[in-house]
Structures are given as structure tokens and as C-alpha cells.
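Read it alongside the coordinates.

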Amino acid sequence: MNTNIPMETRKILIATKTYPSISTKYKETVCTAGVLLDDNENPLQWIRIYPIRYRYLNFDKRYPRWAIISAKIEHNNKDYRSESFRIDDDSLKVIRKIDTKNNWEERKFLVLPLQFSSIEDIQQQGKSLGIIKPQSIEKYFHRKTEREWSNSQKSVLDQLDLFEPKVDLEKIPYQFVYQFTDRDNISHKYSISDWEIMQLYRNCRNASKFSGLKAEQEALEKVRQKLEDDFLQNKDLYFIVGNLKNHSRSFMIIGLFYPPLVKYNQMELF
């Protein structure tokens, strides 16, 4: 940690968390993206909190999505990206949860002022994280990935720690992908690493009356129904996107922002 600059206690809106990944240094980590707020809870900038061992936090510190938290943070001096911060886990407090009243009014107030027009817009402003509204979404699809962790990843997971219980981490053998065009008319195919979507898949598979591949196929269909049938027809869909530290031009969807689509009755306008 940077010992020259003291950590500051700041307010942060938690906008999304990625599915846990394996880290040789931290065993597993979660990337959290949110919005740094001022003392009056006005949005200032996008912020990335990494690393954080979310599943190993005490229960009272496991912040839900769309919570405002306070915590001591500092710039991560091992990450060149200006949005990357480290957090003092012990200082973390959940202040309140932002609800969805009035068509997600407060959530929109906190994130949409920090909207970018495109991926190129994010890069041109020297940023690595932001929210965009796709101009069009061509399709949703899934693709298979490795079914098991690699040997090196398994060895990290198998490391014994006498001071904390082991928490199993499941490998999800599928990626969920949107193909879309941004407002610069540039087409992208981005996988979705949003923990919420990964958990949707796991919940549907575990609730299936089938087992094995049949249960997986049923879960994949339910995820498709959510991301394609529901989100593309009934939601005003935005993507929270971030790049990879070692591949700055490679972005992925790290969170979905999906307030209901407002469908006005034409007769009500007159």
C-alpha cells in the first residue's frame, strides 16, 4: 500500500460485482465497480475496487448491489488505471440500499450522469470503466468454456489455510455474450462477467428437475429468456463496461443496468 498518502473515508455506490476469479496472491478476488460519491451523495466518478475477497468478508460487510457504503480507500498504486482503488476491509460499513422506486429514479440519478457515448469515448477520455447505452443489440448467445479450473488454478484453491474455512468456487463452463453496436457505429461482442447473471445460471440449474447436461441446457434456456426475451423487450438496457489491466483495449460487460422500459400509451399524450 502507499504509505505516504493516508487512506480517506469515502462514500461509494456499489453498481456491480463480477463473478469471483482465482488469484495466486489473494486466492480469489472479486472486482467491484461503483460510483464515488461526495459527502452529499452526488456522483463524482466511476471507481473500481480491487482486489477484494468478498466471500471471505464478515457477513455485516458483504455489501449488496446498489448499496451505498463508506470505507477507507486509496488509489491502487500497482494499477495504472485511474479508477482503481484499494479498500480497507475493516472500515467498510453499509449505509443504505438504493431501491427501485419511481422507475429506478435514484439509481438513474447516481449512474447516468457518468454515461459515455461509446467504448471509443471511454478510451479517448483516458478511462477504463464506465456505462454506455448500446445503439442496438444484434443478438445474445452463449458459448462453452473450459469445464474445470486449470491445474495451476486448482493448486491455488487447494492451498490449505489453517485460519479460515475453505469456500468452494464453482467453474461456470459457459460464457454469456451480447453482440451490439455502440453509438460510434462500432460492433462489439462482449462476454458478461456480472455475478448476478452467473448466479442466475447456477440457481436455474440447481432448481432443475433434471441433472447433468439436461439441467445445464434448461438453465441456459432460462438465462436466454432473461437476457434476450425479457431484457431486450422490456428493459432500458445499459452496459457497465471495464477493460482488462494487461489488455487495455479489451473490454467486457461487468454489469447490466436495466430499469424498466417506459412504454407510453399514445392516447395519454393528448
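N102 is exposed, with a relative accessible area of 61%; exposed means over 50%, buried under 20%, and partly exposed in between, using a 1.4 Å probe and protein chains only. N102 sits in helix α1 (residues 101-111). Helices (H or I, at least four residues) and strands (E, at least two) are DSSP runs, numbered from the N terminus. The model is predicted: local features need pLDDT of at least 70, side-chain atom pairs count only at pLDDT 80 or more, and totals for chains, interfaces and linings use all residues. Residues are numbered from 1 along each chain as its sequence is written, and side-chain values use heavy atoms, leaving out hydrogens and water.

The phi of N102 is positive, near 55°, in a residue other than glycine. N185 also has a positive phi and is not a glycine. The table sets out both residues.

| Residue | Phi | Relative accessibility | Location |
|---|---|---|---|
| N185 | about 60° | 59% | loop between β12 and β13 (187-191) |

One further backbone feature is the peptide bond from Y50 to P51, which is cis, with omega near -5°. P51 lies in the loop between β5 (43-49) and β6.

Is R81 buried or exposed? R81 counts as buried because its relative accessibility is 8%. R81 is placed in the loop between β6 (67-75) and β7 (84-87). Contact means heavy atoms within 4.5 Å. Not counting residues up to four places away in sequence, R81 touches R48, S128, N243, L244 and K245. R81 and S248 are 167 residues apart in sequence, yet 9.2 Å apart in space, C-alpha to C-alpha.

N243 belongs to strand β14. N243 is buried, at a relative accessible area of 9%. Leaving aside neighbours within four places in sequence, its contacts are R48, Y80, R81, S128, S248, S250 and F251.

**Sheet**

Strand β14 is part of an open sheet of four strands, ordered β9-β10-β14-β15, with mixed pairing. The edge strands are β9 (115-116) and β15, each pairing on one side only. Two strands pair if DSSP finds at least two bridges between them. β14 and β15 pair in the antiparallel sense over seven bridges. Y238 stands opposite F257 in β15.

**Core**

The largest nonpolar core has 70 residues. Such a core is a set of buried Ala, Val, Leu, Ile, Met, Phe, Trp, Tyr and Cys residues joined through side-chain atoms within 4.5 Å. L13, W46, F176, Y178, L227, F239 and L256 touch the most other members. Beyond four places in sequence, L227 touches Y140, F176, Y178, I192, I197, L232 and L256.

**Pocket**

The largest pocket holds about 1200 Å³ of space. On a 1 Å grid over the protein atoms alone, a pocket is an open set of points where a 1.4 Å probe fits, with protein on both sides within 12 Å along at least five of seven lines; lining residues have an atom within 4 Å of a point. The volume is the space filled by probe spheres set on the points, which are joined across faces, edges and corners. Of the 42 lining residues, T18, S21, Y50, L244 and M252 are the closest to the centre of the pocket. Elements giving two or more residues to the lining are β2 (21-23), α3 (151-157), β12 (174-181), β14 (238-244) and β15 (247-257).
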